[in-house]
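Hi,

Here is the structure I said I would pass on.

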Amino acid sequence: DSHLSPSVAKELIETAQALVGPRGRGIYATDESVELIGTLLSVGEDSEDQEKLFSESEKLERRKAWRKDAYEVLSSEHVSGVILYPETLLDFKLGTMLSDKGIIVGVRANGELAPLPSSPFEFIVQGLDDLLTKLQAARAAGARFSKWRAPIACTSAALELPSQVSLDIQAETLATFAAISQQAGLVPVVEPDVEFSADADLARSVDIHEKIIGKIYSRCKEHGVLLEGSIIKPSYPQPGLKHPSRQTTTPKDIALATASVISRSVPSAVAGVVFLSGGLPSTVAISYLSAVNALVNSSPPNSPFSRLPPLTFSYGRAIQGKALQHWARGEKDLMKATLQEACRACWKAARGE
Ligand code: 13P
């Protein structure tokens, strides 16, 4: 019942599959805002002060140089796609550097956050108004997929977040985005980012993941989204940083919770699952990915886990965190080796190794 033409549908499906295979390949997310990347690229401990050493035009040149240096070392053996900030795609025109070596170009589609009036700790994601035109321009510049991140608060049941209204609005917005993205010929990567900064335990995090993901697919159905030409980018369900069980939860616990959430709430038609790292230390994000894939590998053929779509990465910080620090200190060779090693480690983890 898709409203897409057969040729557009076919291309979306092929692109979505190429983003999550052959097994092990995944996405490198480089779509930080101009402000954030500026802070990350500044030298030294006191980044705010150091940043003042650069003029606006120097900052722009540094952003461009960093992106170039990073993209130069990527290999399509480990990285299937890269998510670009619109400036990188449209102004720096760095997309062809990636597509020339067989890496699929993506673009960040979501705009900035605005407060949700009824709930001071939750947000509306802006950017739907002119989305079709923007995504059509991104496609003309070489993009073949797009990503929309929606933050979902997650506290213990006693503190009552996320609110019902935020779950409803994020699900509706993500499904609307997915439909518009496909209309523009781009595979949508739907990103419900359930936060782990609060006091939820693992069971509560699992529950919130299942609620939001279930709602997203119920809205996707209404919007006529072609699931086979779409990808989901969820967080790993996990205890919040303020819950005591955080210290005793193992990658195996996370793997079981994650596989259960995916198997219960992501329709099997969806092309694949790419996890965000969410600021977890690189080694931790990699251990979760490896554990969940090892669980899938060891599941008997009649287990629901053996029928899950590909589970791989769409990491930002967990891939480039250390490399960025080397770059900021002018250590180019170390930066390149570190970035390549991080991509290879993610690839291995996505194979369950
Ligand atoms: P992290 O892996 O750093 O969370 O970034 C992924 C991303 O794209 C967040 O929107």
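S166 counts as buried because it has 22 C-beta neighbours inside 10 Å; the cut-offs are 20 or more other C-beta atoms within 10 Å for buried, 12 or fewer for exposed, and partly exposed in between, with C-beta atoms placed from the backbone. Before going on, the caveat: this is a predicted model, so local features need pLDDT of at least 70 and side-chain atom pairs count only at pLDDT 80 or more, while totals for chains, interfaces and linings use all residues. Numbering starts from 1 along each chain as its sequence is written.

Back to S166, which sits in helix α8 (residues 164-183). Helices here are DSSP runs of H or I with at least four residues, strands are E runs of at least two, and both are numbered from the N terminus. Leaving out neighbours within four places in sequence, S166 is in contact with L116, S119 and E122, where contact means C-beta atoms, placed from the backbone, within 7 Å. E122 is 44 residues away from S166 along the chain, yet their C-alpha atoms are separated by 7.0 Å.

Staying with α8, its axis and that of helix α7 (residues 131-140) come within 9 Å and cross at roughly 45°. Axes are lines fitted to C-alpha atoms, for helices over the stretch in contact, and the angles run from 0 to 180 degrees between N-to-C directions. α7 and α8 are therefore oblique to each other; under 35 degrees would be roughly parallel, over 145 roughly antiparallel, 65 to 115 roughly perpendicular, and the rest is oblique. L131, L132 and L135 make the contact from α7, and F177, I180, S181 and Q183 make it from α8. By class, the contact of α7 with α8 has 5 nonpolar, 2 polar and no charged residues. For the classes, Ala, Val, Leu, Ile, Met, Phe, Trp, Tyr, Cys and Pro are nonpolar, Asp, Glu, Lys and Arg are charged, and the others, Gly among them, are polar.

E160 is exposed, with 11 other C-beta atoms within 10 Å.

The G21 to P22 peptide bond is cis, with omega near -15°, and P22 is placed in the loop between α1 (6-19) and β1 (26-30). K93 is not a glycine but has a positive phi of about 55°. You will find K93 in the loop between α5 (86-91) and α6 (95-99), where it is exposed, with 12 other C-beta atoms within 10 Å.

Now the ligand. Which residues are around it? They are A29, D31, R149, E191, L276, S277, G278, S314, Y315, G316, R317 and A318, counting a residue as near if its C-beta atom, placed from the backbone, lies within 6 Å. β10 (311-315) and α12 (317-328) are the elements that give two or more residues to this shell. By class, the shell has 4 nonpolar, 4 polar and 4 charged residues.

α12 also pairs with helix α11 (residues 282-297): their axes come within 8 Å and cross at roughly 155°. That makes α11 roughly antiparallel to α12, and the crossing is left-handed. The contact involves S282, A285 and I286 of α11 with A318, G321 and K322 of α12. It has 3 nonpolar, 2 polar and 1 charged residues. In the loop between α11 and β10 you will find S299, which counts as partly exposed with 15 C-beta neighbours inside 10 Å.

One more helix pair: the axes of α4 (residues 56-73) and α13 (residues 332-350) come within 9 Å and cross at roughly 50°. That makes α4 oblique to α13, and the crossing is right-handed. D69, A70 and V73 of α4 meet K332, M335, K336, L339 and Q340 of α13.

Cheers

Key: Left-handed = near helix turned anticlockwise from the far one by under 90°. Contact = placed C-beta atoms within 7 Å.
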